[in-house]
Amino acid sequence: MYLPEGVPSDKVLKRISEDNEDTAVAKKLKTDDSIEDEKKYPKKKVVLLIAYSGKGYYGMQRNPGNSQFRTIEDDLVTALVKSGCIPQEHCDDMKKMSFQRCARTDKGVSAAGQVVSLKVRLVDDIIEKINQHLPLQIRVLGLKRVTQGFNSKNNCDARTYSYTLPTVAFASKDYDTEKAAAFRLSPETLENVNRLFALYKGTHNFHNFTSQKASCDPSARRYITQMSCGKPFICSDNEFVEITVRGQSFMMHQIRKMIGLVIAVVKGYATDNVMERSWGKEKVDVPKAPGLGLVLERVHFDRYNKRFGGDGLHEQLEWDKEEAAIQAFKEAHIYPTIVETECQEGSMISWMATLPIHDFKATATGSQGNEDQKLVYQIEYLF
């Protein structure tokens with residue numbers, strides 16, 4: 001060790017010893033505090049029922065290293081730390097808390113029934129304490145204990161989404177969109193819409209309804225159990241409808257493209273047979289509807305409930321008691337955001353203007369002539 005001239009070695013060694021003792025005491029106190037917290041609030045595996053409005057967020061899943069792209073999980077994890085549910089040192093690596101979300105919702109997409117699983121310290125009044133540190137557009141609505149091996153993604157049997165859109169989306173391609181508020185959906189058109197949505201039921205190869213999936217990829221095959229459009233309703237002087245779709249699981253952008261293709265057919269840009277062609281091996285140009293109206297409504301755990309829901313130790317993962325709170329959140333934060341944003345910004349009408357540049361007859365290799373024009377539309381609209 002190098003010592004400055006004139007400094008006795010015994011004083012330096014004494015100072016080093018004192019510093020080491022202080023560090024050891026601090027570490028011991030920290031360890032003692034952690035042990036005390038663990039004794040008082042041992043970690044337990046739970047699921048949280050979460051509702052959120054996705055406007056202003058870049059989806060559900062965290063993007064480590066990209067703090068400028070705020071996600072729902074960023075705010076959720078911060079609230080979990082501040083409420084004392086998880087240790088600060090684990091917030092950057094939630095795998096240590098066995099964290100898993102049921103669905104990765106895209107940018108701007110909302111949820112009324114998202115479920116995440118993780119280990120938490122069961123502090124007193126846990127839901128209230130977490131919500132104290134969340135913005136009003138994100139709420140924890142319920143909590144249930146689950147088995148140690150539970151994984152919200154892997155144990156989920158099915159997911160139900162809704163998509164709310166103005167009915168002018170189903171108007172003829174020649175309809176004047178300046179009169180969007182005056183449009184009313186006819187019973188015949190609604191019947192045709194539901195006929196087309198019914199074609200999606202069953203198992204199909206949806207490689208054309210997402211990105212970077214080859215037709216031979218087994219994961220592109222998805223099972224749809226329900227898809228239908230409800231009756232029109234008036235809101236802010238505009239007519240809207242809600243589409244409901246349930247399936248085992250969905251790929252990125254799949255639902256938006258399923259809806260986008262049906263809109264293209266109903267409006268007259270494409271014929272019915274484009275849907276069957278889209279499930280074949282050829283690459284088909286499928287338009288992607290805006291993300292604004294998409295909502296994760298509910299996730300289903302039928303197999304888990306059958307196996308563990310009646311064992312006397314665990315609750316069924318059903319949220320009947322929370323239904324009123326779910327509906328209240330939707331009416332306060334989700335529906336107004338969709339309707340007001342659509343009426344003010346016209347995202348559906350802007351997107352409809354891009355439909356003519358899609359070539360629904362040609363395969364990808366035969367539609368390159370439109371690529372430059374399509375790129376211009378994409379830059380202007382920012383899909």
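Asp106 sits in the loop that runs between β2 (100-101) and β3 (110-121). Keep in mind that this is a predicted model. UniProt, in an unreviewed entry, lists Asp106 under "active site".

- Is Asp106 buried or exposed? Asp106 counts as buried because its relative accessibility is 17%, and the cut-off for buried is under 20%.
- Leaving aside residues up to four places away in sequence, Asp106 touches Gly59, Met252, His253 and Arg256.

- β9 takes in residues 238-247 and is mostly covered, with seven of its ten residues buried.
- Within β9, Glu242 is the residue standing opposite Thr164.
- β7 (residues 221-229) also runs antiparallel to β9, this time joined by five bridges. Here Gly247 of β9 stands opposite Ile224.
- β8 (residues 233-235) is another antiparallel partner of β9, with three bridges between them. Ile234 has Glu239 in β9 as its bridge partner.
- β8 and β9 form a hairpin with two residues between the strands, and Ser236 there takes a positive phi near 55°.
- As a general point for reading strands like these, side chains in a regular strand alternate between the two faces of the sheet.

**Helices α4 and α5**

- A packed helix pair is described by two values, the angle between the axes and the distance between them.
- What is the handedness of the α4 and α5 crossing? The two helices cross in the right-handed sense.
- On the α4 side, the residues meeting α5 are Thr189, Asn192, Val193, Leu196 and Phe197. Their counterparts in α5 are Met258, Ile259, Val262, Val265 and Val266.

How values were computed: Residues numbered from 1 in each chain as written. Predicted model: local features only at pLDDT ≥ 70, side-chain atom pairs only at ≥ 80, totals over all residues. Heavy atoms only, no water. UniProt positions renumbered as here; feature names shortened; annotations may be inferred. Helix = DSSP H or I, 4+ residues; strand = E, 2+ residues; numbered from the N terminus. Buried < 20%, exposed > 50% of the residue type's maximum accessible area, 1.4 Å probe, protein only. Contact = heavy atoms within 4.5 Å. Pairing = 2+ DSSP bridges. Left-handed = near helix turned anticlockwise from the far one by under 90°.
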